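Please find below some notes on the model, arranged as numbered points. They cover helix packing, the core, selected loop residues and backbone geometry.

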Amino acid sequence: MVDKISGNLTRKNAEAAQSGPATPYSFSMLYFEATRRCNLSCAMCMTGSNDKQRVRESKPKELTADEIYHRVLVPAKKLNTVAVVWSGGEFLVRRDAFELLRMATDLGMRSNVCSNCKKLNRKVLERIRDATDGRGTIAVGINALDDSNRETRDAEVDRTLEVLESCKELGLSRHVIVTLGKFNTDTFDKTVQYLVDNDISYNRAPFVPRGSGHGCWEAARFTREDLQDHFHPVLRAHVNGYVSYTPYFLAPEVHASISGGARSNTVPRNPSIGCWCGHWLTVNAEGDVSVCPVLVDSLSAGNVRDAPLDQLVNDSELFATITDRSKLKGKCGRCRYQYTCGGCRAMALYHNGDYMGEDPTCFFEPKDKTTVSEFEEETNRRFKQYTLIAACSGLYRRPDPKR
């Protein structure tokens, strides 16, 4: 059974499994910002789509469909990518959007289409379903279920909910991204409960000062108290959202047992957990490669026009460093959950300027690796339940006991 933990794997052995010789890189998700163009103007847009000059400069530099196929998608397949998240801007403003979806489908990869819903009528949803052979997911942003959503999303939440209902009728999978900030500390629990009640998967994304976020970073960013008192209790309570959030208090021996010790460098995978860095590949509209959707304009491993995606990743000092969690500093480096959590590298960079520094928004204060979180047992239980969902999404495979 998936939820049975081997009694032979000690904590010491689990630590050794994480810090031993590196295995080849493997990234389950590719986040591709296909354009900075958009038909809305969100005040906090991290892509900078409400900056007209930046959009004008970016448009002629956008990767072509041929470049995307040969320099991004085919190389991503070599890195074991199983799903592409198509984003923007608004991905659907690209005239070749459906051609790109078909490319990914023919390569055996699932597609998640991130959209602000303005273009998502029934005909377009049917075209997405056809281009993905019925395996597509529509991913939308909802920061709150009331009128305050417009303050950060520039979108009517009722319209977004209508699209989600249409997806259900058409058999398209549904996903919601909730950006966390000071603006939704009091509404996050209601938003997630709605998603759980309606069987809609979700993940949280931290608000960051990328793109237009710079102008309101100080006022809108969440604090460690916000994370401890408002967001983290909700994230811990349910299993149908991604477990890629921090802090994540999963015992290293539990993940090693269930995953078979699978990892990308030192980052645990099968399934992915903790910080997104090491699980995600990110490419922006101009072809720059990075380690996380919220870090793509701040940290670069090169451009796919200079070398294909897999070569850039394999030769990159950035990827080698950020996926080696033995190099984490401060309390992240002395934490029992150093490998299964990793702290948020984006919060470390944007708050303190060091992407390998400790996560300043984390409320856990370990003395050393013997300090066990009060939430570890609960996290272990939720994680074992989550593997069943991850298996259905192709993000988890039960290890072969013969190996």
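What is the handedness of the crossing of helix 3 and helix 4? The crossing is right-handed, a crossing being left-handed if the near helix is turned anticlockwise from the far one by less than a right angle, and right-handed if clockwise.

This is a predicted model, in which local features need pLDDT of at least 70 and side-chain atom pairs count only at pLDDT 80 or more, while totals for chains, interfaces and linings use all residues. Residues are numbered from 1 along each chain as its sequence is written, and side-chain values use heavy atoms, with hydrogens and water left out.

1. Helix 3 and helix 4. Helix 3 (residues 65-78) packs on helix 4 at about 25 degrees, and their axes are 10 Å apart. That angle makes helix 3 roughly parallel to helix 4 (angles under 35 degrees count as roughly parallel, over 145 as roughly antiparallel, 65 to 115 as roughly perpendicular and the rest as oblique). Axes are lines fitted to C-alpha atoms, for helices over the stretch in contact, and angles run from 0 to 180 degrees between N-to-C directions. Helices (H or I, at least four residues) and strands (E, at least two) are DSSP runs, numbered from the N terminus.

2. Residues of that contact. From helix 3, Ala 65, Ile 68, Tyr 69 and Leu 73 meet Glu 99, Leu 100, Met 103 and Ala 104 of helix 4, where contact means heavy atoms within 4.5 Å. By class there are 7 nonpolar residues, no polar ones and 1 charged (Ala, Val, Leu, Ile, Met, Phe, Trp, Tyr, Cys and Pro count as nonpolar, Asp, Glu, Lys and Arg as charged, and the others, Gly among them, as polar).

3. Helix 11 and helix 16. The axes of helix 11 (residues 252-259) and helix 16 (residues 376-392) come within 11 Å and cross at roughly 20 degrees. These two helices are therefore roughly parallel to each other, and their crossing is right-handed. Helix 11 contributes Val 254, His 255 and Ile 258 to the contact, and helix 16 contributes Asn 380, Phe 383, Lys 384 and Thr 387. The division here is 3 nonpolar, 3 polar and 1 charged.

4. Burial of helix 11. Glu 253 and His 255 are among the buried residues. Gly 260 follows helix 11 and has a positive phi, near 80 degrees.

5. The core. The largest nonpolar core has 115 residues, and Trp 86, Leu 295 and Leu 309 have the most contacts inside it. Such a core is a set of buried Ala, Val, Leu, Ile, Met, Phe, Trp, Tyr and Cys residues joined through side-chain atoms within 4.5 Å. Helix 4 (residues 97-106) gives the most to this core, with 6 residues. Apart from neighbours within four places in sequence, Leu 295 is in contact with residues including Cys 277, Arg 345, Leu 349 and Tyr 350.

6. Two loop residues. Gln 338 lies in the loop between helix 14 (330-333) and helix 15 (345-352), and counts as buried at 3% relative accessibility. Its contacts, leaving aside neighbours within four places in sequence, include Arg 325, Lys 327 and Lys 369. Gly 134, in the loop between helix 5 (122-131) and strand 4 (137-141), is partly exposed at 36% relative accessibility. Gly 134 and Leu 170 are 36 residues apart in sequence, and their C-alpha atoms are 9.1 Å apart.

7. Backbone points to check. Most residues other than glycine have a negative phi, and most peptide bonds are trans. Cys 117 is not a glycine, yet has a positive phi of about 85 degrees; at 1% relative accessibility Cys 117 is buried. Asp 154 also has a positive phi, of about 50 degrees, and is partly exposed at 22% relative accessibility. The bond joining Thr 246 and Pro 247 is cis, with omega about -10 degrees. From Asn 270 to Pro 271 the peptide bond is cis as well, with omega near -5 degrees.

Conventions
Buried means under 20% relative accessible area, exposed over 50%, partly exposed in between (1.4 Å probe, protein chains only).
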